[in-house]
Amino acid sequence: MTVVPIIDINRDPAVVAAELDEVCREIGFFQITSHGIPETLAEAAWNVTRAFFDLPLEHRMAVAMPEPGYPYGYSPLSGESLSRSLGAAGLGDLKESFNAGPFEPPTREYVDPDEASVYVPTPWPDQVLPELRAIWRAYYAEMLKLGRRLMSLFARGLRLPADFFDDKLDASPSSLRALNYPEQNVAPVPGQLRAGEHTDYGMITILRQDDAPGGLEVRSATGQWIGVPSVPDAYVINIGDLLARWTNDQWRSTLHRVVNPGAVPGQATRRQSMPFFYNANWAAVVECLPTCLRPGEGPRYPAVKAGPHLMDKFRSTLV
Ligand SMILES: O=C(O)CCC(=O)C(=O)O
Ligand SMILES: [Fe+2]
């Protein structure tokens with residue numbers, strides 16, 4: 001597969017599920033249309049996010065992550081290196097971000113003390129941009145719904161009951177992130193990218209992007225970097241490490257990166273994207289799915305709990 005396919009998900013679920021299965025085995029990335037996210041809400045989320053990045057730096061810094069390792073809030077330019085998660089030396093990425101966690105804590109006791117760390121509050125810019133919180137809350141809720149729908153299609157694609165993942169997703173500590181990749185008026189140092197190559201850690205990522213030059217690229221099974229063009233009103237979906245692990249690596253958690261725009265005379269190169277990292281429940285046990293073992297094959301990985309596994313990965317990306 002040398003392109004990232006576009007899939008209309010509002011068709012016969014059996015047909016869609018079979019297509020998703022094939023794509024997840026081959027490239028691990030696709031775009032979806034007919035996803036049901038209200039366009040007005042998506043636009044509002046997009047625009048209020050842009051307004052956030054347009055705030056004076058002091059207002060953005062007022063909602064900065066309060067300490068290294070804190071998962072939510074504003075992270076300024078070069079504050080993170082995604083390629084560090086793979087052990088690379090990791091120059092800071094040429095992006096800034098704003099990150100929000102779950103809006104509600106679970107209605108039960110925490111499974112272990114670490115679980116509380118994904119329910120810590122998001123610092124919101126309520127004084128200067130009060131609408132951000134309400135719009136993100138509504139958008140986050142839509143992302144959760146879409147995530148569940150995708151996981152149900154995935155379950156069918158993996159020849160499991162359509163509700164297989166439901167009880168592993170009902171208290172999903174997911175995060176919504178916005179990325180701003182500023183204009184590049186000065187050439188980056190060699191090796192410095194908008195976002196270094198990495199795989200995502202969680203279950204699935206649901207991403208909205210614009211069509212600015214210098215965009216998302218995905219590594220194919222044969223090692224080529226393939227661009228992911230912006231398709232109006234589509235979402236880019238990819239499989240994270242956790243879901244690949246669940247499938248015993250039958251599905252691919254694919255390397256991707258965001259490249260620099262280079263010199264594009266007369267064209268704006270600022271880029272925005274909004275990934276939603278959809279995670280399994282903190283205590284969901286991730287172990288080789290029963291349908292993912294070929295005859296004579298054993299599980300490649302021991303069982304892990306989703307939350308603690310993810311936390312280890314996240315901690316390794318801090319600059
Ligand atoms: O901005 C993008 O298109 C991709 C960002 C990304 O891969 C990430 O934040 O994990
Ligand atoms: Fe990513």
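I began with the rings: a search of the whole structure, which is a predicted model, finds 16 aromatic pairs, where rings of Phe, Tyr and Trp (its six-membered ring) pair if their centres lie within 6.5 Å, with planes under 30 degrees apart counted as stacked, over 60 as edge-to-face and the rest as tilted. I looked up Tyr70 and Tyr72, which form an edge-to-face pair at 6.5 Å centre to centre with 85° between the planes. Both Tyr70 and Tyr72 are buried, a term I use for under 20% relative accessible area, against over 50% for exposed and partly exposed in between (1.4 Å probe, protein chains only).

I then turned to Phe165 and Trp246, also recorded as an edge-to-face pair, with 5.1 Å centre to centre and 70° between the planes. This pair links distant parts of the chain, since Phe165 sits in the loop between helix 4 (131-157) and strand 5, and Trp246 in helix 5 (residues 241-246), 81 residues apart. For these elements I rely on DSSP runs numbered from the N terminus: helices are H or I of at least four residues, and strands are E of at least two. Phe165 counts as buried at 1% relative accessibility, and Trp246 counts as buried at 1% as well. I also noted a cluster that ring pairs link together, including Phe52, Phe53, Trp124, Trp136 and Tyr278.

Before going on to the ligands I wrote down the conventions: residues are numbered from 1 along each chain as its sequence is written, while chains are lettered from A and ligands numbered from 1 in the order in which they are written. In this predicted model local features need pLDDT of at least 70, side-chain atom pairs count only at pLDDT 80 or more, and totals for chains, interfaces and linings use all residues, with side-chain values taken from heavy atoms and hydrogens and water left out.

Which residues coordinate the iron ion (ligand 2)? I found His198 (NE2), Asp200 (OD) and His256 (NE2), at 2.1 to 2.2 Å, donors being N, O and S atoms within 2.8 Å of the metal (3.2 Å for Na, K and Ca), and because water is not among the atoms, sites may look incomplete. Along the chain these donors follow the spacing H-x1-D-x55-H. Asp200 lies in the loop between strand 6 (195-198) and strand 7 (204-209) and His256 in strand 11 (residues 256-258), so the pair ties together parts that are 56 residues apart in sequence. Asp200 counts as buried at 6% relative accessibility, and His256 does at 5%.

Around ligand 1 I found 13 residues, of which Tyr181, His198, His256, Arg271 and Ser273 come nearest, a residue being near if one of its heavy atoms lies within 4 Å. A polar side-chain atom of His198 lies 3.0 Å from an oxygen atom of ligand 1, one of His256 lies 3.1 Å from such an atom, and one of Arg271 lies at 2.9 Å. The protein covers 98% of the 300 Å² of accessible area that ligand 1 has on its own, by the Shrake-Rupley method with a 1.4 Å probe. Strand 12 gives the largest share of the shell around ligand 1, four residues.

My last entry is Arg177, which is placed in strand 5 and is buried with a relative accessible area of 8%. Its side chain makes a polar contact with the side chain of Asn99 (2.7 Å), a polar contact being a pair of N or O atoms within 3.5 Å, where within protein one must be able to donate a hydrogen and the other to accept it, and residues adjacent in sequence count only if both atoms are side-chain atoms.
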